[in-house]
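I set out to record which residues are packed inside this model and what surrounds them. The entries below follow the order in which I looked.

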Amino acid sequence: MGIFSLLGKNEETEIINDTERILRDSYNPEIKAVLNRFNYLKAHRNECKIEPFSLYAAAVKVLLTVSDISPKAYKQILDYAENVYVDMFPFEENTADFEQLKLIFLEMFNKDGAIVKGIFIRDIYDVFTDKMNFLKWTRHIFSENLNELLIAYVKPYAVQARVYFLDEDCFTANLIDVTEKFQISADKQAVFDAEIEKLQHMTGIYDINESTIIDAVNKIKSAQLLHDKISGLMKVVDERVTILDSTSRSSVLDVKNICDDEVKKAKYELKIIDEKLKQAYDNCVAEQKQVVLYEKQKLLDETFAEAEERLSALKRAAEKTINTVKFEMPEGLTEMVLDASQVRFSGMNPGAPNMPGMSGIGTNDAAGSGTGMSGATVSGAGFTAPNIGAGFDAGVEGPNSAGYAASGFGAGISITSNANVSAYQGAGQDYARIYEHQVNSFDQDNEIPGVNPLLDESRKFSDRLKEAMERKAHLSALGEHFHEMFDDVLIAVMENANPYLIGPSGCGKTYMVSQIARILEMEFIDIGYINEEYDILGFQTANGGYSRPNFYRCYKYGKIAFCDELDNGNSRATVKLNSFLSNIKDANYSFPNGENVSRHPNFRLIGAGNTDGNGANSNYNSREKIEESVQQRFTPIFINYDNDVEKRILSDYPEWYSFVVLFRMATDEWGKKNYGDAPGIITTRDATRIKKYLDNQSFNMNKILEYEFIQTKDITYLAFIQDYIGQYIKDYQNAEQIYKEFSQIINLRRG
């Protein structure tokens with residue numbers, strides 16, 4: 001014990017105490033027996049065969065915490081270890097290299113250690129100068145009946161073979177190789193003899209007799225004959241080379257053809273690059289176009305707002321003038337009516353002469369235009385009319401060409417001749433007409449397109465599908481990623497089968513529909529979930545117009561109607577889709593505006609939802625059950641997360657892809673253990689967002705983990721994910737750094 005410093009003695013005490021604590025914490029009766037033996041030797045250290053006692057304690061600790069051994073075998077292993085100690089430390093603590101040998105002794109208590117396996121052979125141990133090589137050898141022992149094998153074959157081989165090697169590392173490698181051959185071979189003696197003979201030959205030792213010499217001479221003669229034959233063959237080869245040289249020129253054409261093929265391939269790749277550049281240019285133009293349209297829309301809104309304000313002011317002025325005129329109107333003139341587009345002037349009883357004092361009243365021609373009255377004064381019975389302005393006519397209706405007149409009416413004035421009172425039309429009708437025209441001007445569907453060639457059922461389906469797949473291959477060459485279920489959904493759309501895409505949030509359902517629209521060269525409109533029937537049918541406006549919904553446009557002009565979150569809408573309103581899901585040829589529907597619209601052959605309806613349509617689940621708890629008649633008209637297709645798509649998205653960052661795979665494995669395991677869907681799963685949309693952060697170097701690793709993997713999640717849930725990933729991180733070593741950062745954040749939160 002004198003070789004240990006004061007610090008060393010403290011470390012020994014700590015090891016002894018730790019081992020005793022581990023033994024006391026166990027309730028296994030076998031371990032309790034080890035504890036009793038431990039306490040006895042601790043009190044009677046002179047009886048402990050493994051010295052110092054701290055080495056015995058350390059050996060017990062390794063056996064308990066590291067090796068995967070049944071407690072029933074502990075006593076047998078410790079007894080065996082005492083015998084090994086005697087062989088390894090003949091002078092106990094005074095043995096040379098005692099400190100280094102202690103580490104080797106403890107290493108033998110590991111799962112595959114020599115003590116645990118019971119394969120410590122003193123003779124084999126002694127042939128190694130560097131005892132670490134002994135440990136290397138023991139790790140390759142795996143067969144049964146070890147003692148018989150080691151004593152009968154390995155030990156004698158090791159003792160004999162050692163003399164043939166100057167370098168111990170070479171000897172160790174040879175012994176490992178031969179030991180493995182012993183373990184798998186049925187004829188172990190043959191292996192022994194062959195390996196010893198091989199070593200002898202390596203060092204120049206041969207067992208040569210007269211018969212062997214004669215055999216060697218015969219072999220030399222055979223070799224000479226063979227040499228002569230080879231010389232003759234070489235001449236033949238030279239002649240054939242000459243022939244080949246003359247014929248090689250014919251292969252120039254083949255080379256040229258190969259070069260031409262490579263040129264074509266290069267041109268195709270250049271075409272792909274050119275299309276990518278064109279696509280980038282089109283995206284830039286489209287973006288600028290959106291900016292211009294936004295500014296245009298903003299200007300139109302401001303113009304209509306100003307027009308509405310001016311029309312309201314004109315209306316108030318007209319009403320004020322009418323009230324004044326009515327107040328001063330003489331008997332026989334009953335009412336003035338403001339019309340938005342025409343002017344009539346009447347007001348005398350039938351057959352009555354013109355009113356005295358009224359001048360400047362013109363007459364209408366056959367076309368309905370009058371000479372008008374400008375600044376006319378109507379007098380009689382104490383009545384004086386104000387300056388009404390242009391736009392009067394004498395009884396025949398005609399267009400008011402004068403526009404907004406001096407009095408500020410903004411329209412003509414009609415004075416009726418009988419006692420019936422006409423309704424006041426109001427200047428607001430002009431605005432209504434202007435506004436309705438503007439709304440309709442945004443609808444760019446002016447003519448009904450022809451049948452899409454890929455949806456034309458008069459063509460063979462296999463031909464149409466082949467053409468669609470060629471377009472898909474072209475987009476793939478441009479760098480487009482396609483979901484593994486894409487082909488099934490495309491076929492369902494082409495077959496007019498009303499696919500209903502069922503999948504979790506962010507798995508790529510909407511993006512898949514946009515890809516289908518591009519391949520079919522059609523427009524798709526996301527009409528969202530259906531809350532009321534007018535989301536499908538539209539409605540009559542207050543001024544008698546018709547608000548045409550996007551669904552109407554899809555049905556009439558042959559577009560793709562995408563009903564996203566179909567399971568999140570009003571199930572009673574959704575039933576209205578049944579009229580459009582039957583897919584009867586030459587079907588039609590009468591919309592609320594009275595128009596009987598024929599179903600366009602290109603019209604397609606695609607639904608999507610996070611549930612299978614049978615109601616809410618643990619993650620989507622606000623979803624309703626889709627009415628059974630609607631479900632029967634849809635073709636359900638399950639769309640899950642596609643690791644292959646995410647692998648291509650994160651192809652430049654394989655370590656993040658590995659971590660995403662591990663994280664999803666952990667969330668799936670949580671769902672299995674808790675009989676439900678795990679919250680906060682990583683989606684394909686999240687993978688795209690992570691790639692953007694990494695490409696732009698906007699967020700570092702810590703921030704990406706915080707925002708995409710950790711925040712909003714319960715610490716118990718995160719701890720489960722951390723522990724689960726830790727079990728499999730060795731299979732995804734490129735993600736170890738990300739996992740360490742992830743674990744550090746979780747550990748700080750766990751406290």
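I took buried to mean under 20% relative accessible area, exposed over 50%, and partly exposed in between, with a 1.4 Å probe and protein chains only. Helices are DSSP runs (H or I, at least four residues) and strands likewise (E, at least two), numbered from the N terminus. The model is predicted, so that local features need pLDDT of at least 70 and side-chain atom pairs count only at pLDDT 80 or more, while totals for chains, interfaces and linings use all residues. Residues are numbered from 1 along each chain as its sequence is written, and side-chain values use heavy atoms, with hydrogens and water left out.

**Entry 1: helix α5.** I looked up helix α5 (residues 98–107) and found Phe98, Leu101, Lys102, Ile104, Phe105 and Leu106 buried. Their cover includes α3, α4 (74–88), α6 (114–117), α7 (122–126) and α8 (131–138).

**Entry 2: nonpolar cores.** A nonpolar core is a set of buried Ala, Val, Leu, Ile, Met, Phe, Trp, Tyr and Cys residues joined through side-chain atoms within 4.5 Å. The largest has 65 residues, and Met88, Phe105, Met108, Phe109 and Trp137 touch the most other members. Helix α3 (residues 53–65) supplies the largest share of this core, ten residues. I noted a second, separate core of 36 residues, including Val645, Tyr657, Phe659 and Tyr739.

**Entry 3: tryptophan 137.** Contact means heavy atoms within 4.5 Å. Setting aside neighbours within four places in sequence, I listed Ile124, Phe128, Leu150, Val154, Leu175, Ile176 and Thr179 as contacts of tryptophan 137.

**Entry 4: phenylalanine 742.** This residue lies in helix α28 (residues 736–750). Phenylalanine 742 counts as buried because its relative accessibility is 0%. Beyond four places in sequence, its contacts are Phe659, Phe663, Leu705, Phe709, Ile710, Ile721 and Gln722. I also checked methionine 701, 41 residues apart from phenylalanine 742 along the chain: their C-alpha atoms are separated by 9.1 Å.

Entry 5: Is glutamate 195 buried or exposed? Glutamate 195, in helix α11 (residues 188–202), has a relative accessible area of 6% and is therefore buried. Outside four places in sequence, glutamate 195 touches Tyr157, Asn174, Val178 and Lys181.

Asparagine 452 sits in the loop between α14 (428–441) and α15 (461–477). With 8% relative accessibility, asparagine 452 also counts as buried. Its side chain reaches the backbone nitrogen of leucine 454 at 2.9 Å. Not counting residues up to four places away in sequence, I found asparagine 452 touching Leu520, Glu521, Met522 and Asn602.

Technical notes:
A polar contact is a pair of N or O atoms within 3.5 Å; within protein, one must be able to donate a hydrogen and the other to accept it, and residues adjacent in sequence count only if both atoms are side-chain atoms.
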